[in-house]
Amino acid sequence: MTELSTNQESHVTTGATVWLTGLPSAGKTTIAHELAGRLRAEGHRVEVLDGDEIREFLSAGLGFGREDRHTNVQRIGFVAEVLARNGVTALVPVIAPYADSRDAVRKRHETNGTAYLEVHVATPVEVCSVRDVKGLYARQAAGELTGLTGVDDPYEEPESPDLRIDAQHQSVQESAASVYALLSERGLA
């Protein structure tokens, strides 16, 4: 065996990207932070790539049209894949409303042999609008905001996510435990 093939065989990555997609106020970020705490307590290296923080620091200047949303998702997907292939569990609570954008991120991970899990936080829009964590639904209803995902802008639900969470029927801890169980089942936690 050559030295290169020996190194490739002995290189084991424990990182993964867990993309939590869903409508605004579905519970994505809350679940991600709950899961991050549990994983960190077990000694895992974890980063939460929050969509709002990414918009501020990595995707400043991008709008919310389809092309800009695609660019934003690809940037986040690139960062997540780099982290994951270097042993970090990257939790990505980002809407990513278009299936083709999410598919491109999954393909990037597959091409690099990096674990990728798609979790659909499938909270109905009626529940999200009551939660309205950021006041987006109220602003949209008042005519102050247009292009709200799932209301007057499309959200393409994943057809076959690795996990679907009906977060409105369980606690944050139960939702995070479901994602943790999936990671464990796949040998990633």
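Figure 1. The protein has eight helices and five strands, where helices (H or I, at least four residues) and strands (E, at least two) are DSSP runs numbered from the N terminus. Residues are numbered from 1 along each chain as its sequence is written, and side-chain values use heavy atoms, with hydrogens and water left out. In this predicted model, local features need pLDDT of at least 70 and side-chain atom pairs count only at pLDDT 80 or more, while totals for chains, interfaces and linings use all residues.

**Figure 2. The open sheet.** Five strands form an open sheet with parallel pairing, in the order S2-S3-S1-S4-S5; two strands pair if DSSP finds at least two bridges between them. Strand S2 (46–48) and strand S5 (163–165) stand at the edges with a single partner strand each, so one side of each is left without a neighbour in the sheet. On average, neighbouring strands of this sheet are turned by 20 degrees against each other, direction ignored.

**Figure 3. The pairing of S1 with S3.** Strand S1 (residues 16–21) runs parallel to strand S3 (residues 89–93), and five bridges join them. Thr89 in S3 is the bridge partner of Ala16.

**Figure 4. Helices lying across the sheet strands.** H2 lies across S1, S2, S3 and strand S4 (116–121), and runs at about 165 degrees to S2. Helix H5 (residues 99–111) lies across S1 and S4, at about 155 degrees to S4. Contact means heavy atoms within 4.5 Å; axes are lines fitted to C-alpha atoms, for helices over the stretch in contact, and angles run from 0 to 180 degrees between N-to-C directions.

**Figure 5. The largest pocket.** The largest pocket has a volume of about 750 Å³, the space filled by probe spheres set on grid points joined across faces, edges and corners. On a 1 Å grid over the protein atoms alone, probed at 1.4 Å, a pocket is an open set of points with protein on both sides within 12 Å along at least five of seven lines, and lining residues have an atom within 4 Å of a point. Of its 30 lining residues, Pro24, Asp52, Ile95, Lys134 and Leu136 lie nearest the centre. H4 gives the most to this lining, with four residues.
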